[in-house]
Amino acid sequence: MRKLRRREEKLKKPKNHKSIPFQKKKSEENMGNQDHTDAYREEELKEDGAKKDGKNREIIHITYVFVGLFMLVIGYFSYFMIARSNEVINNPYNKRQDLLAEHVIRGKILSADGVTLAETVVDEKGNETRLYPYKNLYSHIVGRFFKGKTGIESIENFHLLTSNDNAFVKVFNDLSGEKNIGDNVVTTLDSKLQEVAYDALGNYKGAIVVMEPSSGKILAMVSKPDYDPNEISSTWEKLVEDKENNSALINRATQGLYPPGSIFKILTVLQYMRENPNYKDYKYNCTGEAVFNSVKIHCYGNEKHGEVDIKKSFSESCNTSFANMGTLINMKSFRELCDAFLFNSSLPTNLVYNPSSFVVSVSSNINEMPQTAIGQGKTQITPLHSALITSAIANGGVLMKPYAVDYVENVNGTVVKKYMPEIYKTLMTPEEAQILSEYMSETVKTGTAGALRGKKYTAAGKTGSAEHQEGKPAHSWFVGFAPAEKPEIVVSIIVESAGTGSRYAVPIASKIFDAYFNK
């Protein structure tokens, strides 16, 4: 019994002191394990954080990319709306224009002085006919509606098929199934000058461009042979077949490429002046013909001009003197000048045109320079381009963008769009323009443009006789402006296969200037 009691008491006693260190050791081990676990968890958290940071950076980068792309889209959309929307909308291949024609009667095209040049007439049955009251007179600049739109009919097609009439009237017409009246296009064309220029060219093939140099407005544009746009459907096959080689569908004013002849001497003399500050000391003895390198050059009719300075060389249009200059100027610099004057490049116009060409370069044969310097050789230019060069001279060296539409108005006469003059490029210094103006004035006073002397206005210009085919008369050229001291009007005239510029082109200029200053 005593043994049993002792065993029970022993079992009831607390654990001895030796068990305490064991528990403490266990606790310390647990704490160590806990510290290790915490450290591990910290590392895990850091790794998770790094992964999250990496993912966040990727998301941010992707966001930036999408924001950038979005900004590019917005930028292009803005550019399109500001710069290219009219070009795309006005494209003749744009089917939207056909849809507009189902709801709008095509507007009128008017001259600057209010004359109707094109209009749509609707008969009792609702049939629409596009009419051109002046027939052939504006066939190239105003253009045609049938058989492919051309001229202003094409350029302003969208505006002509857009109605900016009163909103209530438009809604009423839409509800009643009636067509709205399209906007009118008011051009810069002067009907009196257009008629004078057309009549002055007569039965000759050729072209005339009349401009306002201070603004770039095209006042008249004539091209012959021409056609009647009212009859285009019945004459189309004949015009396309072109058995007589008239190219009547071509606007020679903007698409006709011709050797410039002596009007090109404007650029030759400018290049010589730029290379030779002492150009006033230039002297040359003209004997009527001379050989340069291995090329023989003769003056027109083998005329002997005797000793000439640079101004007389210009006013008398001395070929041998200018061929001599051609051998003295730098070919590379001359090419750069011609490129700057818009050869081999686009012109600042929305009219359909052919670019002029100037092919001489440093790699060209030196025998090309004498011919090139007098406007022969391989150089080709359009009448519009020569008008732009002349306008820059008349405007103190500054070329304005040419344009043929002044504004767009709705059927009630309210202006909805206005075109403003715009500087395109400075081609020369005011001093250079002034010197060229003096030389061109001298051409009228004492030189080859004598038909413009004795007028109530002063004039300046340059004649040209461009040889183009053996056995045929030369093309007759004249470019000029008036008044000489403060130009208001510029002309560029070519008469195909007629003869000298002084005999055929200058009298045409005289009639145009007379009509302008007698208004």
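Helix 7 and helix 17 are roughly antiparallel to each other, a label given to angles over 145 degrees. This is a predicted model, in which local features need pLDDT of at least 70, side-chain atom pairs count only at pLDDT 80 or more, and totals for chains, interfaces and linings use all residues. Residues are numbered from 1 along each chain as its sequence is written, and side-chain values use heavy atoms, without hydrogens and water.

Helices are DSSP runs of H or I with at least four residues, numbered from the N terminus. Angles run from 0 to 180 degrees between N-to-C directions, and axes are lines fitted to C-alpha atoms over the stretch in contact.

| Helix pair | Axes | Angle |
|---|---|---|
| helix 7 (residues 191–201) and helix 17 (residues 501–517) | within 9 Å | roughly 160° |
| helix 10 (residues 265–275) and helix 13 (residues 331–340) | 10 Å apart | about 125° |

Helix 7 and helix 17 cross in a right-handed way, and the crossing of helix 10 and helix 13 is right-handed. Right-handed means that the near helix is turned clockwise from the far one by less than a right angle.

Glu156 sits in the loop between helix 4 (151–155) and helix 5 (157–160).

At helix 6 (residues 167–176), Asn166 caps the N-terminal end, and Gly177, with a positive phi near 80°, follows the helix.

Definitions and conventions: Helix = DSSP H or I, 4+ residues; strand = E, 2+ residues; numbered from the N terminus. Parallel < 35°, antiparallel > 145°, perpendicular 65-115°, else oblique. Polar contact = N/O pair within 3.5 Å; in protein donor to acceptor, adjacent residues only side chain to side chain.
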